[in-house]
Amino acid sequence: MTIEARDISFRYGDKAVLKEVSFALTSGRFHALLGPNGAGKSTLFGLLTRLLALQQGDVLLGGRSLRKQPAEAMRKIGVVFQQNALDLDLSVRQNLHYHAALHGLSRKEARARGDRELARFKLLDRADDAVRQLNGGHRRRVEIARALLHQPSLLLLDEPTVGLDVASRRALNEHVRTLCEEDGLTVLWATHLIEEVQEQDKVLILHQGRLLANGTGQVICEEQGAQNLAETFHKLTGAG
Amino acid sequence: MKAIDYWHCFLGIQTREWLRFWQQRTRFASALVRPLLWLVVFAAGFRAVLGISIIPPYQTYITYETYIVPGLCGMIILFNSMQGALSMVYDRELGSMRVLLMSPLPRPFLLITKLLAMGFVSVAQVYVFLLISWLVGVEPPRWGYLAVLPTLILTSLMLGALGLLIATWIKQLENFAGVMNFVIFPMFFMSSALYPLWRMNEASPWLYWICQFNPFTHAVEAIRFSLYLEWNPLAVGITAGVTIVLSLFATAGFRPQRTKILGSKPA
């Protein structure tokens, strides 16, 4: 499925937060949306998830416009938010069922799909535990499993490793990469941590509301005449 | 989207609300303390001060306790609705709201379903309160308990929508203390919940008219009449009308960026 953002601009009052951002995502690839804090990543995610209304431009998912056919577009998107969006007092399974119901799935279907995802994520034995009993890394996995319940083509993750220790961070990153390979899922992973990005990834660098680079890591490095991504990032944004 | 999808979604939102209710049952139980204090302590103290003449829907002289029970039912819903609406856009419910808004179903449907789910939980609390009131001697006709159900649901939707509207649009009222002082108390005291309005008219005609323009007055009267199996088209009509208008405004005017649902203020 093709995913394309066209000419997106967004302002809060007088302050322009995104300026004519356009990009296309390659199906089945891991894309890193890299930008320092305040670059406009969260706003872009807000627009992609329809929490913010598009002011200018459009997003096309498999040819469906987020502006004109929001329901069709939303069916194809799975989201993992930066902040925890799980009910800590409810069990893992109850959390998954809630999400499944919101996408119109019956209880039976929800259970079947939920168990399948949990098994794949090696969390089936925790299904009846309250989320509160899970560690940070596992909670994030539950959120990813939940985001995949309605079988989206695009998975959006907004700084999903915030608050995790180094080992869990790496594990989560690898986990999502595996999903990309196994499911042909298109992933957009927002981060300000350069170590979460690999050179063969597609990289989008956002700075002060503008998209400064868009291509595989190697290509961007060559363009900037830099040794590695960290140097490229520093050259483009003055950060890192 | 098919009708069955809406049904599954509706059920899912209701189920989650009841699961939360069960998780936090002690919190809900303690929320009953407030109306019970009014009923048992306040009403006992005021019984002597306030004589109540025979007014519809009552057929005989009634005790003050009997008079204020419908108003206290309204109060339970009022407190819950405001608290619920604030938690939807500012705290406890933020996570579940993010998940809710990712649903492909239309946003007004999702919000109304959510308000109804919170409303049903309030209605359950009202019934527990009515049961305790019955134990202390306030005994409406048996069928009144059933007849009052639609009015209670309507009231909870009306106040839920009002809460959502306020929570989304009035930044100054983002904490519960503010809402209590500027919404809950004025609505409660400037209504027929604690005193019949003819008494208010004697005291001050302009206050009387404020009470008449307060939709909460009509919700309380609708509850009072239906609980005593009397039909009050004016009260029910106004409550229903206000519910529709507020629901439209609250859902059409809902903007996640005016709440904390987006997370930390995006740069």
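Here are some notes on how this two-chain model is put together, point by point.

1. Ground rules. This is a predicted model, where local features need pLDDT of at least 70, side-chain atom pairs count only at pLDDT 80 or more, and totals for chains, interfaces and linings use all residues. Residues are numbered from 1 along each chain as its sequence is written, while chains are lettered from A and ligands numbered from 1 in the order in which they are written.

2. Where the chains meet. On the chain A side 33 residues are in contact with 25 residues of chain B (contact: C-beta atoms, placed from the backbone, lie within 7 Å). The side of chain A that touches chain B takes at least two residues from each of α1 (41-48), α2 (70-75) and α3 (92-102), and α3(A) gives the largest share, six residues. Helices here are DSSP runs of H or I with at least four residues, strands are runs of E with at least two, and both are numbered from the N terminus. By class, that side of chain A has 14 nonpolar, 16 polar and three charged residues (nonpolar: Ala, Val, Leu, Ile, Met, Phe, Trp, Tyr, Cys and Pro; charged: Asp, Glu, Lys and Arg; polar: the others, Gly among them).

3. A helix pair in chain B. Take a look at α4(B) (residues 64-89) and α7(B) (residues 144-169): their axes come within 8 Å and cross at roughly 40°. Axes are lines fitted to C-alpha atoms, for helices over the stretch in contact, with angles from 0 to 180 degrees between N-to-C directions. The contact includes C73(B), G74(B) and L78(B) of α4(B), and L152(B), G160(B) and L164(B) of α7(B). It has 13 nonpolar, eight polar and no charged residues.

4. The core. The largest nonpolar core counts 142 residues, and C73(B), L78(B), L164(B) and W189(A) are among those with the most contacts inside it. Such a core is a set of buried Ala, Val, Leu, Ile, Met, Phe, Trp, Tyr and Cys residues joined through C-beta atoms within 7 Å. Helix α4(B) supplies the largest share of this core, 16 residues. Beyond its neighbours within four places in sequence, C73(B) is in contact with V126(B), F129(B), L130(B), L152(B) and I223(B).

5. A proline to check. P160(A) sits in the loop between β7 (154-158) and α6 (166-183) of chain A. P160(A) is buried, because 24 other C-beta atoms lie within 10 Å (buried: 20 or more; exposed: 12 or fewer; partly exposed: in between; C-beta atoms are placed from the backbone). Leaving out residues up to four places away in sequence, P160(A) touches V80(A), R140(A) and L172(A).

How values were computed
Contact = placed C-beta atoms within 7 Å.
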